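Subject: Structure handover

Hello,

Here is the structure for you to look through. My notes on it follow below.

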Amino acid sequence: MTSSREYVVELDATPDAVPLARRALVDVEPVLPPELVRDLHLLTSELVTNSVRHGNLGPEARVLLTVRLTPDVVRVEVSDPGPGFEPPGASTPTIYQQSGWGLYLVDQLATRWGVDRARGTSVWFEIARPSAEDSAASV
């Protein structure tokens, strides 16, 4: 792949947003290795869930999912008009917590990630795509 491709989906800020976000990834699955697709689904689900559950969004709010493929990375951004949050440190959640594993998983599986509060809140992550040499070496 020599150029970038971008997919944008607008979702209602309801629990239905999570399966709809995963369904929106179908277009990118054929060009990615299965392990990357698995991580992409998991991390996208976590960020959309966080947006819907913790975004303090009203009934008319929308969540914007943007997936950008470049030759080197897959970048996912989940944006909403909510007030945002202060990203936690890289501490490991304990098994006794009721929630809180989403950003920990993002931190562990993504190549890099961050939070942008320029307009609402946007949480993004990138996962490096294996090079052709890496793919050939694993065969």
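How many helices and strands are there in the chain? The chain has 4 helices and 5 strands. Helices (H or I, at least four residues) and strands (E, at least two) are DSSP runs, numbered from the N terminus. Starting at the N terminus, the order of elements is β-α-α-β-β-α-β-β-α.

Some ground rules. This is a predicted model, in which local features need pLDDT of at least 70, side-chain atom pairs count only at pLDDT 80 or more, and totals for chains, interfaces and linings use all residues. Residues are numbered from 1 along each chain as its sequence is written, and side-chain values use heavy atoms, with hydrogens and water left out.

Overall numbers

The chain has 139 residues, and 36% of them count as buried. Buried means under 20% relative accessible area, exposed over 50%, and partly exposed in between (1.4 Å probe, protein chains only). Contact means heavy atoms within 4.5 Å. Of the contacts in the chain with a separation of 6 or more, 64% join residues 24 or more positions apart.

Helix packing

Helix α1 (residues 17–24) packs on helix α2 (residues 34–54) at an angle of about 145°, and their axes are 9 Å apart. Axes are lines fitted to C-alpha atoms, for helices over the stretch in contact, and angles run from 0 to 180 degrees between N-to-C directions. The crossing of α1 and α2 is right-handed. A crossing is left-handed if the near helix is turned anticlockwise from the far one by less than a right angle, and right-handed if clockwise. On the α1 side the contact uses Ala17, Val18, Ala21 and Arg22. On the α2 side it uses His41, Thr44, Ser45, Val48, Thr49 and Val52.

Serine 45 belongs to helix α2. Serine 45 counts as buried, because its relative accessibility is 10%. Apart from neighbours within four places in sequence, serine 45 is in contact with Val18 and Arg22.

Helix α2 also meets helix α3 (residues 102–109). The axes of α2 and α3 come within 9 Å and cross at roughly 145°. This crossing of α2 and α3 is left-handed. From α2 the contact takes Asp39, Leu42, Leu43, Glu46, Leu47 and Asn50. From α3 it takes Gly102, Leu103, Leu105, Val106 and Leu109.

Rings and charge

There is 1 aromatic pair in the structure. The ring centres of tryptophan 101 and tyrosine 104 are 5.4 Å apart with planes at 85°, so the pair is edge-to-face. Rings of Phe, Tyr and Trp (its six-membered ring) pair if their centres lie within 6.5 Å; planes under 30 degrees apart count as stacked, over 60 as edge-to-face and the rest as tilted. Tryptophan 101 is partly exposed, at a relative accessible area of 33%.

Arginine 75 lies in strand β3 (residues 73–80). At 17% relative accessibility, arginine 75 is buried. Its charged end sits over the ring of tryptophan 124, 4.2 Å from the centre. A charge sits over a ring if NZ of Lys or CZ of Arg is within 6 Å of the ring centre and within 35 degrees of the ring normal.

A backbone point

Which residue other than glycine has a positive phi, near 50°? That is asparagine 56. Asparagine 56 is in the loop between α2 and β2 (62–69). With a relative accessible area of 65%, asparagine 56 is exposed.

Best wishes
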